[in-house]
Amino acid sequence: MRNSTRAGFDRDLQALQDDLLMMGSMVQKAIFKALDGLKNRDLSISRQVIAEDDLIDRKRFMIEDRCIDLIATQQPLAKDLRAIITVLHISVELERMGDYAEGLAKISLRMGEQPPLKPLIDIPRMAEKATEMLRRALDSLVRQDVALARDVCASDDEVDELYTQVYHELLLYMAQDPKTIERATFLLWAAHDIERIADRATNVAERVIYLVTGKLSELNAGRY
Amino acid sequence: MAQPQATGQQQTERTNGAQPVNGMQFGIDVKPGMIDVVPDEEARLIVRNVHAYYGEAHAVKDITFAMRSRKVTAIIGPSGCGKSTLLRCMNRMHEEQRAARVEGQIILDGENIYDRSVDPVLVRRRIGMVFQKPNPFPTMSIADNVLAGYKLNRVRAGKGDLAERCEVALRRAALWDEVKDQLNRPGTDLSGGQQQRLCIARSLAVDPEILLMDEPCSALDPLATARIEDLVKELSQEITVVIVTHNMQQAARVSDMTAFMLLGRMIEYGPTTDMFTTPRDERTEAYITGRFG
């Protein structure tokens, strides 16, 4: 590298991406733990997820600060500019995913000691798919792989289908026995949170497409 | 490619039947994408297959592009890429240097400014130029500096006309309020930024249709630079401006179109917002992100 200022900027951009990936892994972990708490009725894990959401929020502000510093001091253009804007947007998406994980943990606390309405099968499957989407979306960022990013967006349909299935199943429970309404509603909320996590993973992938191509696109529009 | 019918019609209006500017109609090899960036009806100054030399040195190589009417076009590129040379070709200043020559065509209103029949002095009246370093005539007052080019063009005018022309030019250059009470003081008494605006006023006094600016802010502080940039935007409401700059942010701020040059060639040309967010050519990307140059 000829230009040491440029080399320094490249290091800052790399560090920014590393921080974002670190935040992504914190969010993934939060989702897993939240689901664990929900599924196994382990309230201490659920409380831990709620407490740890602060760390995710702080990470997001730290990333945002660094983006602002780099914009102010480096006046980035072209791909540098797109990279910083991409990190900024993805950090917001991750932070919201963290909030959904916190939401799952809160649902678990509200369920308290009562057992789940039914054995959780589809909801963990949804969570598995959503976290896999997030993992692949972040992978597409590292590789700057547009095809992989598009693939992530396409996977959102599978999560949506599972959500619809869970929704109808829970409606049936509620229709058959109104006493299950409260417990069914908890699960409906949980499924909804996970469905939103998948939507946010799609947004991450859309940002990767923007980073590489410069084109902004909505790839999961009209599926609500 | 622009529509041939529209081209013909626009040209007839603009040039009284002079040759159309569309490359295909010239039957010459025009780089696809460069000339088509600007629709024919918006093209004010057209550079076509221009080469410039300093003796054996080939400084500008086969450049073809068009500048949009009443817009600001920025030319960027690393030192020595030929951008200032290209700018000087646009008003026949390049040929004034020893062993310098130009090939190709530069078309203003359908007429090639390099035609034998064209008087270079008249070209320079229509296409004014402002240089990197403010260069007011040291022995002249502010007013005389403004009117120097006008008088040189031997335009007959009464004293009242001259005073009015001086005021109008200074107002257009956003300098009138600062100097109206000291028009007889030497132009060199002014600050650097004011001197540059004085030079702009001098260029404007002859009513150019196009203003070429060669790094006009490189010797100025940020405040004086901001004033010149505001002025450039304002002037582009009336005239076509072409600005060579090393300052990427300046190009991004003031221009509507940006051209990137490298090693004498034009690598990419397009709307400024596209050039600075999603350049198509990786060499443009590398340059504007500071990876070379």
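## Basis of the model

This is a predicted model: local features need pLDDT of at least 70, side-chain atom pairs count only at pLDDT 80 or more, and totals for chains, interfaces and linings use all residues. Residues are numbered from 1 along each chain as its sequence is written, while chains are lettered from A and ligands numbered from 1 in the order in which they are written.

Helices (H or I, at least four residues) and strands (E, at least two) are DSSP runs, numbered from the N terminus.

## Helix α1 of chain A

Helix α1 of chain A covers residues 4–40. At 1.5 Å a residue, its 37 residues should span 54 Å, and the end C-alpha atoms are 53 Å apart, which agrees. The expected span is 1.5 Å times one less than the number of residues. Just after α1(A), A:Arg41 takes a positive phi of about 55°.

Buried residues of α1(A) include A:Leu16, A:Leu20, A:Met23, A:Gly24, A:Val27 and A:Gln28. Also buried are A:Ala30, A:Ile31, A:Ala34, A:Leu35, A:Gly37 and A:Leu38. A residue is buried if 20 or more other C-beta atoms lie within 10 Å of its own, exposed if 12 or fewer, and partly exposed in between, with C-beta atoms placed from the backbone. The buried residues of α1(A) pack against α2 (43–74), α3 (78–111), α4 and α6 (181–213) of chain A.

## The α4–α5 pair of chain A

Helix α4 (residues 122–143) and helix α5 (residues 146–176) of chain A pack at an angle of about 170°, with their axes 9 Å apart. α4(A) and α5(A) are therefore roughly antiparallel to each other. Angles under 35 degrees count as roughly parallel, over 145 as roughly antiparallel, 65 to 115 as roughly perpendicular and the rest as oblique. Axes are lines fitted to C-alpha atoms, for helices over the stretch in contact, and angles run from 0 to 180 degrees between N-to-C directions.

Among the contact residues of α4(A) are A:Ile123, A:Met126, A:Ala130 and A:Met133. α5(A) contributes residues including A:Leu148, A:Val152, A:Val159 and A:Leu162. Two residues are in contact if their C-beta atoms, placed from the backbone, lie within 7 Å. By class, this contact has 12 nonpolar, three polar and eight charged residues. Ala, Val, Leu, Ile, Met, Phe, Trp, Tyr, Cys and Pro count as nonpolar, Asp, Glu, Lys and Arg as charged, and the others, Gly among them, as polar.

## Chain B and its four-stranded sheet

Chain B has 12 helices and 10 strands. Of its 293 residues, 47% are buried. Among contacts in chain B between residues at least 6 apart in sequence, 68% join residues at least 24 apart.

One open sheet has four strands in the order β2-β1-β4-β5, with antiparallel pairing. Two strands pair if DSSP finds at least two bridges between them. β2 (57–68) and β5 (111–112) of chain B stand at the edges, each with a single partner strand, so one side of each is left without a neighbour in the sheet. Strands β1 (residues 43–54) and β4 (residues 100–108) of chain B pair over eight bridges. B:His51 has B:Glu103 in β4(B) as its bridge partner.

## The six-stranded sheet of chain B

A second open sheet has the order β6-β7-β8-β3-β9-β10, with mixed pairing. Its edges are β6 (127–130) and β10 (265–271) of chain B, each with a single partner strand, so one side of each is left without a neighbour in the sheet. Neighbouring strands are turned by 20° against each other on average, direction ignored.

β6(B) pairs with β7(B) (residues 210–214) in the parallel sense over four bridges. B:Gly128 stands opposite B:Leu211 in β7(B). Helix α8 (residues 192–204) of chain B lies across β6 and β7, running at about 170° to β6(B). B:Ala259 has B:Tyr269 as its bridge partner in β10(B). The hairpin of β9(B) and β10(B) has two residues between the strands, and B:Leu263 takes a positive phi near 50° there.

## Contact between the chains

The contact takes 12 residues from chain B and 11 residues from chain A. α10 (248–254), α11 (272–277) and α12 (282–288) of chain B each supply at least two residues of the side that touches chain A. That side of chain B has five nonpolar, five polar and two charged residues.
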